[in-house]
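Please look over the model shown below, and then read the briefing that follows it.

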Amino acid sequence: MLRALILVAMTIVVACVLALDGLSAAERTIASAQRFGLDVVVGLADEVEGEGSTGGEIRHIDWRENLADARNQLAALVDADWLLWIDPDEELAAFDVARIDGLKGPVAAVRLRDRLGYATPTKAG
């Protein structure tokens, strides 16, 4: 009897958060990503202490007064196919995909909501 082995490639998505003002500022952000089953990697500036337990993986970066450089440093420390960058004042929120006109096929979607109540638009216009 011939047996076949089928390997299915799994895409790994990791949520990345730069918590340059400390973990407490990003706790809700981290929890929102974890509710979607995402692993979370948190970048802390070397001079910022990592107080408490967030459930996220803490990585220390060298803050050089440059956000792009900080993201590049953290990205170099994360092993994933895709990185989902979330600012510490944002949260991932579920929404009804059926409300978006014109979608066909399987869809995975998230919506960002910042602490001021603004949300990413769900359709152009």
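The side chain of Glu91 makes a polar contact with the side chain of Arg28, at 2.7 Å, where a polar contact is a pair of N or O atoms within 3.5 Å; within protein, one atom must be able to donate a hydrogen and the other to accept it, and residues adjacent in sequence count only if both atoms are side-chain atoms. Glu91 is found in strand S5, residues 90-93, and Glu91 is buried, with a relative accessible area of 8%; buried means under 20% relative accessible area, exposed over 50%, and partly exposed in between, with a 1.4 Å probe and protein chains only.

This is a predicted model, in which local features need pLDDT of at least 70 and side-chain atom pairs count only at pLDDT 80 or more, while totals for chains, interfaces and linings use all residues. Residues are numbered from 1 along each chain as its sequence is written, and side-chain values use heavy atoms, with hydrogens and water left out.

**Overall layout and confidence**

- The secondary structure of the chain comes to 2 helices and 6 strands, where helices (H or I, at least four residues) and strands (E, at least two) are DSSP runs numbered from the N terminus.
- Read along the sequence, these elements follow the pattern β-α-β-β-α-β-β-β.
- The average pLDDT of the chain is 75, and 59% of the residues score at least 70; pLDDT is the predictor's confidence in each residue, from 0 to 100.
- Among the elements of the chain, helix H2 (residues 67-76) has the highest mean pLDDT, 95, whereas strand S6 (residues 111-114) has the lowest, 60.

**Nonpolar cores**

- Of the 125 residues in the chain, 29% are buried.
- The largest nonpolar core has 13 residues, of which Ala15, Ala33, Val40, Val42 and Ile86 touch the most other members; such a core is a set of buried Ala, Val, Leu, Ile, Met, Phe, Trp, Tyr and Cys residues joined through side-chain atoms within 4.5 Å.
- Strand S1 (13-18), helix H1 (27-35) and strand S2 (39-45) each supply at least two residues of this core, and S2 gives the most to this core, with 3 residues.
- A second, separate core of 8 residues includes Cys16, Leu18, Val41 and Val78.
- In soluble globular proteins, nonpolar side chains tend to be buried together.

- Which residues of H2 are buried? They are Ala70, Gln73 and Leu74, and they cover an arc of only 95° around the axis, which puts them on the same side of H2; the arc is that of the directions from the helix axis to the C-beta atoms.
- What covers the buried residues of H2 includes S1, S2, strand S3 (57-61) and strand S4 (82-85), while the face of H2 turned away from its buried side carries the exposed residues Asn72 and Ala76.
- At the start of H2, a side-chain oxygen of Asn66 reaches to within 3.0 Å of the backbone nitrogen of Ala68.

**Trp82**

- Trp82 is found in strand S4, and Trp82 is exposed, with a relative accessible area of 57%.
- Although Trp82 and Ala15 are 67 residues apart in sequence, they are 8.6 Å apart in space, C-alpha to C-alpha.

Definitions and conventions:
Contact means heavy atoms within 4.5 Å.
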